[in-house]
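Student: I am new to this structure and would like to go through it step by step. May we look at the sequence and the model together?

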Amino acid sequence: MAEVRNSKKACTVNSLKMSQPIGGALAFMGLNGAMPLLHGSQGCTSFGLVLFVRHFREAIPMQTTAMSEVATVLGGLDNVEQAIVNIAKRTKPAIIGICSTGVTETKGDDVDGYIKLIRDKHPELDDIAIVYVSTPDFKDAFQDGWARTVTRIIDEIVETAAPEAQRSDRRINVLPGCHLTPGDLYEIRDIIESFGLEPMFLPDLSGSVDGRIPDEFTPTTLGGITVKDVAKLGSSAWTIAIGEQMRAAAEALEEKSGVPFTLYDRLTGLAPNDDLIALLSRLSGKPVPQKWRRQRSQLVDAMLDGHFFFGNKQIAIGAEPDLLWAVSSFLTEMGCDIEAAVTTTHGPLLEQIETDEVLIGDLEDLEERAQGCDLLITHSHGRQAAERLDIPFFRMGLPMFDRLGAAHLTTVGYRGTRDLVFDIGNIFIANAHEPNTETWRHTAEVSDDTSEAFAAH
């Protein structure tokens, strides 16, 4: 059991975490025809926009209510109204997702009340879904903003199913955590569809920021789950939630529509994927396809090949709670020791990580604890720390702006886990210090042993 504690520093030196409104905005980007709108100053949106553009290398739709000092003091009704009306006229979105920021939360704007007044005044907005989420950036972190946004979307858009309503036996809801990439969602979709089931992802980043050239420009998100499909999630047969952060959303969907759910705290590793495959086989009534039996065998062989290089390696990880849990749990299974674990916000699984301490802190804290480790794992902002420590660096999480293909990194399923074994294992091999005749023993030791040997004769 790990001791979870907060850093006692007066300020963040090298930030690990990102804010709630950014997590909420990314969740809205998983809906088709969406326009995320941050209710705050222009800078709040600009920094988030730059972060997403650098990570995904795509055009990112985000707007702002552009609150000034005066508007903040007097209230943001006029700014919210002007922003919603302009977005509706110019971009014609299917949904406008509004996330609060620190400045408007501190003022205490009643945005839900604003939306009611705006709808009464502008009937042309009747066909546009407008969802507001409270995501103050002075508390919690990226993962919390994502989770709260998905829960709010379910509360606002999913239709309440009647007890006698007929469910679709083939439709499966999937609620992925923010730590999963579009590549991860592609892999999960492939697994579910191979059983003849129809997965419905909320949010579905694999349809909107998966790195493709659209046929024509659109100012809103160009893919993802539609608002109409979100409304029908209550008629699905089952819900699969991935990541502890999605428990509240799965419970909200079950309470509203009666759809039962299964939560997987991770899909990186052998055992959790075995559980997923078993569930899908049971829900579909079909045997496990040979494809997954083959990939499972490949993963087992990869783990067997790799454990020689993973054993007793000291690892330092900095990530959001669910990503930290997934990666650290798998590396522990491979024989590694988690020497340093730093995260961004509290989570129920942190105490179960096999390490002495989990610190809610920043990259400076991670760097201090990573000295002497064999590998540092975090997002791209940790690269300078790895250079200073002169230890190998493996990028995971968001943002990842100094490498191509961040959106397609896959670490779930049998194949994704197998590739993770190869990627990290190859780092260990490349940085191994092989002894030779010049380095395997110190010269002084050899001289002393030789002298003793001659003296004995």
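Student: In which loop is Pro399 found?

Tutor: The model is a predicted one. The place of Pro399 is the loop between strand S14 (393–395) and H16.

Student: How are H7 and H10 oriented, roughly parallel or roughly perpendicular to each other?

Tutor: Helix H7 (residues 142–157) packs against helix H10 (residues 247–257) with the axes 8 Å apart and an angle of about 15° between them. Angles under 35 degrees count as roughly parallel. The two helices, H7 and H10, are therefore roughly parallel.

Student: Which residues of H10 make the contact with H7?

Tutor: The crossing of the two helices, H7 and H10, is right-handed. On the side of H7, the contact is made by Val150, Thr151, Ile154, Asp155, Glu156 and Ile157. By class, the contact of H7 with H10 has seven nonpolar, one polar and three charged residues. The residues on the side of H10 are Ala248, Ala249, Ala252, Leu253 and Lys256.

Student: Why is the pair of Phe52 and Phe56 called tilted?

Tutor: Phe52 and Phe56 are four residues apart in helix H2 (residues 42–56), so about one helical turn separates them. Phe52 is buried at 0% relative accessibility, and Phe56 is buried at 6%. The ring centres of Phe52 and Phe56 are 6.3 Å apart, and because their planes stand at 40°, the pair is tilted.

Student: What is the angle between the planes of Phe310 and Phe428?

Tutor: Phe310 belongs to helix H12 (residues 290–310) and Phe428 to helix H16 (residues 413–430), so that the pair links distant parts of the chain, 118 residues apart. Both Phe310 and Phe428 are buried. Their aromatic pair is edge-to-face, with 5.3 Å from centre to centre and an angle between the planes of 90°.

Student: How far apart are the C-alpha atoms of Leu350 and Met1?

Tutor: Leu350 lies in the loop between strand S11 (337–343) and strand S12 (357–360), and it is buried, with a relative accessible area of 1%. Leaving aside neighbours within four places in sequence, the contacts of Leu350 include Ala2, Val4 and Pro321. Leu350 and Met1 are 349 residues apart along the chain, and the separation of their C-alpha atoms is 8.7 Å.

Student: Is Leu233 buried or exposed?

Tutor: Leu233 lies in the loop between helix H9 (227–231) and strand S8 (236–242). Not counting residues up to four places away in sequence, Leu233 touches Val158, Asn173, Met200, Leu202, Ile225, Leu253 and Val259. Because its relative accessibility is 0%, Leu233 counts as buried.

Student: What is the phi of Arg57?

Tutor: Most residues other than glycine have a negative phi. Arg57 lies in the loop between H2 and strand S3 (63–64), where it counts as partly exposed at 43% relative accessibility. Although Arg57 is not a glycine, its phi is positive, at about 55°.

Notes. Residues numbered from 1 in each chain as written. Predicted model: local features only at pLDDT ≥ 70, side-chain atom pairs only at ≥ 80, totals over all residues. Heavy atoms only, no water. Axes fitted to C-alpha atoms, helices over the stretch in contact; angles between N-to-C directions. Parallel < 35°, antiparallel > 145°, perpendicular 65-115°, else oblique. Left-handed = near helix turned anticlockwise from the far one by under 90°. Contact = heavy atoms within 4.5 Å. Nonpolar A, V, L, I, M, F, W, Y, C, P; charged D, E, K, R; others polar. Phe/Tyr/Trp six-rings, centres within 6.5 Å; stacked < 30°, edge-to-face > 60°. Buried < 20%, exposed > 50% of the residue type's maximum accessible area, 1.4 Å probe, protein only.
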